[in-house]
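My notes follow in the order in which I checked them.

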Amino acid sequence: MVNDVVSGDRTRFQTHRQFYHHFHPRGIKEMAESRGLRIAYAVVHLLESLEFGRMQHRLNALRALRDEVMCSTSQELRMNTARVLIEIMKDLVRAYGDYQRQLEFAHNFRLAASGKPRIVRYFLKRYRLLEMPEQWNQLAFDDHVHDAYTKGRKSPTHLIMDAWIKGIRRLRVIHYNYVRPETATELMEAAAIMGIMLRIGIEYFTVFYDRFAQLIWVPRGFADASDFLRFLDRQDVGALMEEGRKVSEYQGTYVFRILEEFNRTHRNTINRELGLQMPPLDRESFIKFVGFGQPSLLHLAKYVHSRLLPLMQEKNSELQKSYEAADPDQRRHIEERFERMNRMDADDIHHRFLAPGRNPDVFDVNCPDDPEKMPELMRLSPCRLVDRLASLHSGYRVTLNLSNMKVEDVVELLYDCGGRVTRLEIFNLKDYTDCKVDHIPDIARLQECINGANVIQLKQMILKMIGRLRQSDSYAGKARIQRLNWILADMETLLGMYRVRPLKPRIGSDSTGYSQRLPGMGLAVTDTLPRRSQRRIRRDETGAYIIIPFYVATFLRMVYAPVDAGESRPARLAAKLRDIPGMDRLGREKKAEWYAREDAARMAEPGNIVALSGFRAEANNGLALRKKQQQETGRRVYSIHYLQTVFKNILKVIVGFVPAFLTFYLTNDWWVLIYFGAFIWFGITGLRNILQSVMAGGGLRRSPLLQWNDYISWDRLTDSLMYTGFSVPLLDFFVKNLAMHQGLGVTTSSHPVLLYTVMALVNGAYLTGHNLFRGLPKEAAFANFFRSVLSIPVAFGLNELFAGILTLAAVANVDALLQSWAAVISKTASDCVAGVIEGTVDRSRNIRERTNDYRQKMRQFLDVYTRVEMLFPESEVLDLLQRPRDWYHSEDEETRELIRILIINALDLLYFWMYQPRSHTAFKNFLREISEDERNVLIKAQSILKMEREISQMFIDGIIGRNFSKPLAFYLDRYQEYLENVEKQAV
C-alpha cells in the first residue's frame with residue numbers, strides 16, 4: 001500500500017485526505033487503516049518534491065504525523081519512540097523498489113512501536129540519534145541552517161521534521177537577501193506544529209573595506225505566521241525584499257560563470273583523469289535542478305555530481321572486468337583510478353573545481369572591486385544598512401557572521417553600528433570543520449571583555465590591534481589605525497552600548513543537507529542531556545559526535561505549576577491540604593527547564609556543546625572494484641530479530657518454561673509439583689497479567705464491542721512469562737533449598753516469616769535486575785523491589801491459611817507440604833500485590849490517556865465553535881447546532897468545512913466511547929472539569945451524528961480512506977446508542 005502511494009498519482013489521494021489530519025490517532029480512523037500505514041502516508045508527503053504548490057498538504061501531513069507518533073505508545077520513552085518511528089518510516093519509504101528491505105523496516109517499525117526502552121535505545125544508536133530527556137527540556141539548537149529555498153536540500157516542513165527528530169528545540173533558518181512569504185509561512189507553521197522555537201534570519205552582504213561583511217537580520221515579536229506575513233506585505237518591507245531579490249540575481253551570475261568555466265576547462269580535466277566522456281552541462285537543466293532555491297556553488301557541485309555519477313558507475317563496471325585479467329602493474333594503475341573516481345563526490349568537486357581559488361579568471365561578485373556594477377543594497381555600509389533595517393521594525397536582532405572577519409573588524413563594526421549588532425556567530429561548525437577558526441579565540445575574548453565591562457583587557461586588545469596594523473604594508477590597514485585610536489579613546493561609549501543588552505553568541509552548523517563530509521544539523525549542551533547520552537558521547541571513538549571547544553554555563557529551574565482539574569473532589573482536597581505547612585507543592589505539576597547563561601559563554605577546552613550529527617564513517621560514491629561474492633539485493637535474512645511475532649512470543653515462553661520445568665522436575669518428590677509445578681507457576685503469572693489488563697481496561701463494565709482478550713498485550717505477557725521462568729531455580733532451588741533449608745535450617749515450620757522475607761527480598765532484587773536490563777526507568781525498577789517487600793505479610797498470611805485448611809482436612813505431614821509449596825506461595829503473594837499495584841497504575845494511565853484525548857478533541861471543537869461564532873455574530877450558535885443540515889448544504893465553503901470538522905470530532909468521540917479503555921470514566925471526569933456552558937455545547941453538538949445520509953456520503957467519498965466499510969457500519973449501528981448515553985451525562 002505504501003508503494004502504491006509512492007509510485008501512483010497522489011492527486012486524488014490528497015483531495016480525499018483534505019480533512020484527514022482532523023481525525024484523532026486513537027479515533028475512528030483506527031478502523032480504516034493501521035497506524036504504520038497512516039505514518040507512512042504522512043512521511044510520503046513530507047519527502048515528496050516541492051512542485052505543484054503542496055505546502056498545505058505537507059503541513060497537514062506533518063500535523064497528522066506528529067499526532068500519530070506521539071500517540072503511538074504510552075511507554076516511558078514516548079518522545080524518543082516517536083523520533084525512532086519517523087526515522088524508520090523514512091527508510092521504509094526510501095527503500096521503494098527493494099521489497100525485502102521494506103519488509104525489514106516494517107518489522108523494525110512494529111518493534112519500535114512497542115515502546116520497549118531497550119529496543120528504542122537500540123534504534124536510537126543505530127540511527128545515530130542521542131536519547132533526549134522525556135521532559136523535552138534539553139538545550140538543543142542550531143542558529144544557522146538552510147532550506148531548499150536558499151542552498152539547502154530539504155523543504156521547510158521536511159527541515160523542521162528532521163530538526164525535531166534530532167531533538168532540536170530552537171532553530172534559526174537563514175535566507176539570503178530576501179525571504180518569500182510562502183516560505184516563511186511554511187516554516188513558522190511547521191515549527192508551531194512541532195513545538196520548535198523558530199527564527200527566520202535574512203543575511204545581507206554589505207561593503208566593508210575590501211570585502212563584504214555579512215549581517216543577519218532577524219525580525220521578531222510576531223504573534224504568528226499571519227502576523228509575519230502582514231509585516232512582509234508592507235510597502236517598505238516589500239521594497240527591501242525586491243532589492244534583496246536583485247542582489248540574489250546578481251550573485252547568481254557568478255555561479256553561471258563558474259558553470260561556463262567548468263564546461264571549458266574542468267570538465268576536460270575530469271574526463272582525462274577518470275577516462276570518461278562527460279558532455280557539457282546545460283544551463284537550463286541546472287536552473288531546473290536548483291528549483292525554487294538560489295543558485296549556489298553547492299548546487300552546482302551537486303548537479304555536476306548527479307551527471308557524473310552514472311558515468312562513473314558505468315566506468316566502474318568496465319574497471320571490474322579489466323581488473324580480473326590485469327597484471328600487478330595494471331592493477332595498481334586501475335586501483336589508483338578507481339580511488340580517484342570513488343572519492344569524487346560533491347564535496348570533492350566543489351573543493352577541486354568550483355571554489356573561487358580554483359577559478360581566478362572568473363570575476364568574483366563577492367569581492368567589491370567594482371561597486372558601480374553592484375546592486376544598490378550591496379553598496380550600503382554596515383551602519384546605513386542597520387539604520388534601514390531598524391526603521392522597518394522595532395523588534396529585531398542583528399547577528400554578525402564572523403566568516404573572514406578579524407578581531408579589529410569586529411570591534412570597528414560593533415562601534416560603528418552603535419550597539420545594534422547584538423549577536424556574534426561565534427562558532428560555525430562548517431568553518432570549524434574546514435579549519436577556518438583561527439580568528440575566533442580573539443573575537444571570543446573581545447566579547448568577554450565587552451560583556452564584563454573589562455576596560456583594562458579591552459584597552460590591551462585594541463592596542464595589540466593597532467600594533468598589528470602598524471606592521472601591515474597595506475594602505476587600508478594603516479588608514480584604520482586612526483579609527484581604532486578613536487574607539488580606544490571612547491571605550492566607555494562602546495561598553496555602554498552593551499551594558500543593558502549583552503553581546504550574545506550564536507552557534508550554528510551552516511548545514512544544507514547535501515554534504516557527506518561535514519557534520520549535519522543540530523547542537524546540544526551536554527549538561528542538559530540524559531546521563532546515558534553523556535556517557536555515549538564520552539565513549540564515542542567513531543566521530544559520530546563532535547565536542548566543540550565552547551562552554552556555556554547552565555542552570556536548572558524547577559517550576560511547580562497548578563494543575564487544572566476543575567472542581568473535582570481530588571482537586572478540592574489537594575487545595576485544602578496545600579494550606580498545611582510543607583504541603584504547598586501537593587497537586588501541582590512539576591516541570592524542570594534548563595536555561596543557559598549566554599552572556600557568560602566562552603571558548604574552553606573541553607567544551608560542553610556537542611554536534612548532534614558528526615562525521616560519516618566513509619564518504620564516497622559507493623563503488624566497488626571487486627565484484628561482491630553475494631549480492632545484497634534479494635538476500636534472505638535469517639535472524640531472530642525478524643522472526644514473526646507469534647513465533648517469537650512462543651519462543652520466549654519456551655525459553656522461560658524450560659528452566660522452570662527442570663527445577664520442579666529435578667528437586668521435588670511430589671508428582672503434582674514434578675509434572676505440574678511449572679504450569680502452576682506460569683498459570684499464576686499469566687492469570688495475574690490477564691486479570692490486571694482486563695480490570696485496568698474496564699473490567700466487568702467494559703465496552704460490549706470489546707472482548708476480554710482485546711485488552712491484553714500478548715507481547716508483554718510473554719515477556720513476563722519468560723523472566724518469571726528463570727525465577728523458579730533462583731527461589732525454589734537456590735534460596736529455599738540450598739541457602740535456607742540446607743544451609744541455615746530455616747523452613748516454613750521453624751521460621752516462616754524469615755523464609756518468606758528472604759525469598760521476597762531475593763525476588764525483588766531479581767525483578768529490579770531484569771527491569772534495569774530491559775531498560776525500564778530506575779523508578780519503576782526499584783518500585784518492583786518494594787512491591788516484593790509488601791508481599792511478605794501476604795505470603796505469611798497465605799501460609800497460615802493453607803496450614804489451617806490442611807489441618808482441618810486432616811492431611812498428614814502438613815509442614816512438608818507447605819515447605820515444598822513455599823516458593824509457589826511466595827510467588828502467589830508477590831503476584832497478588834503486583835496485580836493490585838500495577839492494575840491500579842494501568843487503570844490510572846488509561847484514564848489519563850482518555851482524558852487527554854477528550855481534551856485534545858475539546859480544543860479542536862472550541863476552535864471550530866469560535867470560528868462559527870465569528871461567521872454568525874448575530875445568530876445563536878447553539879440553535880444552529882440543532883440545524884446542522886443547513887450548514888452542510890450552505891453555499892459558503894468555509895461553513896461546509898466547519899460542519900465536516902464537527903462531524904469528524906463527533907465520530908472520534910463516538911469511537912472513544914465504544915472502543916477505548918476507560919473512556920466512560922474519563923468522559924465523566926472530563927465533563928466535571930469543564931464549565932457548564934462548554935458542557936452544554938459539547939453534548940448538543942453530538943446530535944450532528946443524526947445526519948445519516950450526509951455522513952454516509954462522506955465515508956463513501958473517502959474522507960477516511962478507501963477502507964470505509966467497517967467504520968461506516970460501526971457508525972450506523974452505534975450512534976443512536978451513543979447519543980442516548982451522552983444525553984444521560986447532561987442530567
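Entry 1, one helix. I began with Asp-842 and Arg-845, which sit 3 residues apart in helix H31 and are therefore separated by about one helical turn. Helices here are DSSP runs of H or I with at least four residues, strands are E runs of at least two, and both are numbered from the N terminus. I note that this is a predicted model: local features need pLDDT of at least 70, side-chain atom pairs count only at pLDDT 80 or more, and totals for chains, interfaces and linings use all residues. Residues are numbered from 1 along each chain as its sequence is written, and side-chain values use heavy atoms, with hydrogens and water left out.

The side chains of Asp-842 and Arg-845 form a salt bridge, 2.9 Å from N to O. The rule I used asks for a side-chain nitrogen of Lys or Arg within 4 Å of a carboxyl oxygen of Asp or Glu. I then looked up burial, where buried is under 20% relative accessible area, exposed is over 50%, and partly exposed is in between (1.4 Å probe, protein chains only). Asp-842 is buried at 6%. Arg-845 is partly exposed at 21%.

I found Arg-850 and Asp-853 joined by a salt bridge of 3.1 Å, N to O. They too are 3 residues apart in H31, so about one helical turn separates them. Arg-850 is buried at 2% relative accessible area. Asp-853 is buried, also with 2% relative accessibility.

I read 12% relative accessibility for Arg-26, which counts as buried.

Which residues does the salt-bridge network link? I listed Arg-26, Arg-688, Arg-716, Arg-787, Lys-827, Asp-831, Glu-838, Asp-842, Arg-845, Glu-849, Arg-850 and Asp-853. The salt-bridge count comes to 52.

I placed Ser-830 in H31, which covers residues 822–871. Is Ser-830 buried or exposed? Ser-830 is buried, at 1% relative accessibility. I looked up its contacts (heavy atoms within 4.5 Å). Leaving out residues up to four places away in sequence, Ser-830 touches Asn-763, Arg-787, Ser-788 and Ser-791.

I found H34 (residues 893–915) packed against H37 (residues 948–956) at about 90°, with axes 12 Å apart. That angle makes H34 roughly perpendicular to H37, a label for 65 to 115 degrees. Arg-900, Ile-903 and Leu-907 of H34 meet Ile-951, Met-954 and Phe-955 of H37.

I counted 4 bridges between E6 (residues 421–428) and E7, which run parallel. Pairing needs at least two DSSP bridges between the strands. Leu-424 stands opposite Pro-505 in E7. E7 (residues 504–508) has 4 of its 5 residues buried, so the rest of the structure largely encloses this strand.

Definitions and conventions
Axes fitted to C-alpha atoms, helices over the stretch in contact; angles between N-to-C directions. Parallel < 35°, antiparallel > 145°, perpendicular 65-115°, else oblique.
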